[in-house]
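This report walks through one protein model, beginning with a strand pairing and moving on to a pocket, a core and a loop residue.

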Amino acid sequence: MKRAVFYLAVCTILASASFAVYQENFGNGSNQFTISFVDISGDASSANGTNIGDGKTFSDPGYQYRMGTREITNAQWDKFKADYGQVTGDPSSAYDSDPEMGTNAPTGRVSWYEAAQFVNYLNTSKGHQAAYKFTGTQGTSNYALDTWSTAEAAGGTNLYRHKDAQFFLPTEDEWVKAAYWNGSSIQTYATKDGSVPEAGVDTNYNDANPDTWDAGSGAEELNGTYDMMGNVLEWMESPFSDQNTAADSERVYRGGSYYNGADVLASSDRRNMSPYGEYGNVGFRVGTVPEPATMALLGIGGLFIRRRRAR
């Protein structure tokens with residue numbers, strides 16, 4: 001009986017809607033919140049070398065990962081703060097603004113350093129390694145970002161992310177693949193057919209009253225995500241210059257915001273800002289690498305589905 005229930009649960013995950021959606025719960029009691037993810041997989045190496053803005057070229061991450069279906073909302077941010085405590089540190093300018101209003105709208109006025117503390121909480125609250133290295137005492141003005149050694153760094157080269165972290169801010173390549181990879185190339189837009197996004201259809205952008213909308217209330221995009229085109233611009237983990245990986249290096253942000261036109265929503269648009277910048281139209285979403293045990297269970301479930309369909 002237990003085995004039958006297990007198979008049914010796995011099949012429901014894999015067969016529900018056009019994309020499998022995986023949910024992770026965080027926090028406790030009234031501060032509990034959920035983040036949904038979709039798988040980003042497949043060999044995209046044929047698109048390596050594609051220009052994705054300012055001479056930057058795409059490079060397939062080369063591993064399976066999951067991308068948050070939606071941007072982090074104010075509601076999720078508020079519950080994180082209630083469970084985590086004061087979000088502050090050095091430099092103070094990275095922590096001197098409050099997020100925008102709107103419970104289900106994507107959180108804005110969040111610096112890269114604040115987003116990194118949110119991601120660290122996702123990891124450590126579930127017993128995982130923190131993604132980003134902070135020195136000093138959490139919740140005080142001396143809490144400052146540092147970089148990992150090459151032995152600790154993801155891939156031995158990404159000095160921002162620890163190799164054992166499960167949740168993270170997406171690198172530029174991870175983000176671009178999730179938004180624009182269609183199985184054979186990097187599209188210009190994240191719409192399912194690659195067409196120019198239409199206001200009020202593919203996004204909720206409104207010329208007469210531009211403002212953020214509830215995260216995920218626009219159209220589903222190419223790979224099961226929402227609002228990678230518009231709502232708020234999103235922080236990348238990656239530095240704007242690959243040669244500059246200091247803790248205070250300028251970071252990339254992408255995806256356009258609620259008042260940007262189609263040109264800023266394109267895969268060729270690439271922007272940069274200091275990691276302590278806080279602007280109302282800049283937020284973030286989270287990526288994750290599934291635990292090996294989870295992938296093994298899903299593989300069993302997928303095999304079960306294929307056998308049933310073949311009968």
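Which residue of E12 does Glu234 stand opposite? Glu234 stands opposite Gly283. The model is predicted, so local features are taken only at pLDDT of at least 70 and side-chain atom pairs only at pLDDT 80 or more, while totals for chains, interfaces and linings use all residues. Residues are numbered from 1 along each chain as its sequence is written, and side-chain values use heavy atoms, with hydrogens and water left out.

**Sheet.** E9 and E12 pair in the parallel sense over two bridges, where pairing requires at least two DSSP bridges between two strands. Both strands belong to an open sheet of four strands with mixed pairing, in the order E11-E10-E9-E12; its edge strands, E11 (271-273) and E12 (282-283), each pair on one side only. Strands (E, at least two residues) and helices (H or I, at least four) are DSSP runs numbered from the N terminus.

The largest pocket holds about 430 Å³ of space. A pocket here is an open set of points on a 1 Å grid over the protein atoms alone, where a 1.4 Å probe fits, with protein on both sides within 12 Å along at least five of seven lines; lining residues have an atom within 4 Å of a point. The volume is the space filled by probe spheres set on the points, which are joined across faces, edges and corners. Of the 22 lining residues, Thr157, Asn158, Thr171, Asp173 and Ser238 lie nearest the centre. The elements tabulated below each supply at least two residues of the lining, and E7 gives the largest share, four residues.

| Element | Residue range |
|---|---|
| Strand E7 | residues 158-162 |
| Helix H4 | residues 172-180 |
| Strand E9 | residues 233-239 |

**Core.** The largest nonpolar core has 61 residues, among which Phe118, Leu122, Tyr132, Phe284 and Val286 touch the most other members. Such a core joins buried Ala, Val, Leu, Ile, Met, Phe, Trp, Tyr and Cys residues through side-chain atoms within 4.5 Å. Its largest share, eight residues, comes from H3. Leaving aside neighbours within four places in sequence, Phe284 is in contact (heavy atoms within 4.5 Å) with residues including Trp77, Phe118, Glu234 and Trp235.

**Loop.** Asp248 lies in the loop between E9 and E10 and counts as exposed because its relative accessibility is 53%; exposed means over 50%, buried under 20% and partly exposed in between, with a 1.4 Å probe and protein chains only. Beyond neighbours within four places in sequence, Asp248 is in contact with Tyr113 and Pro275.
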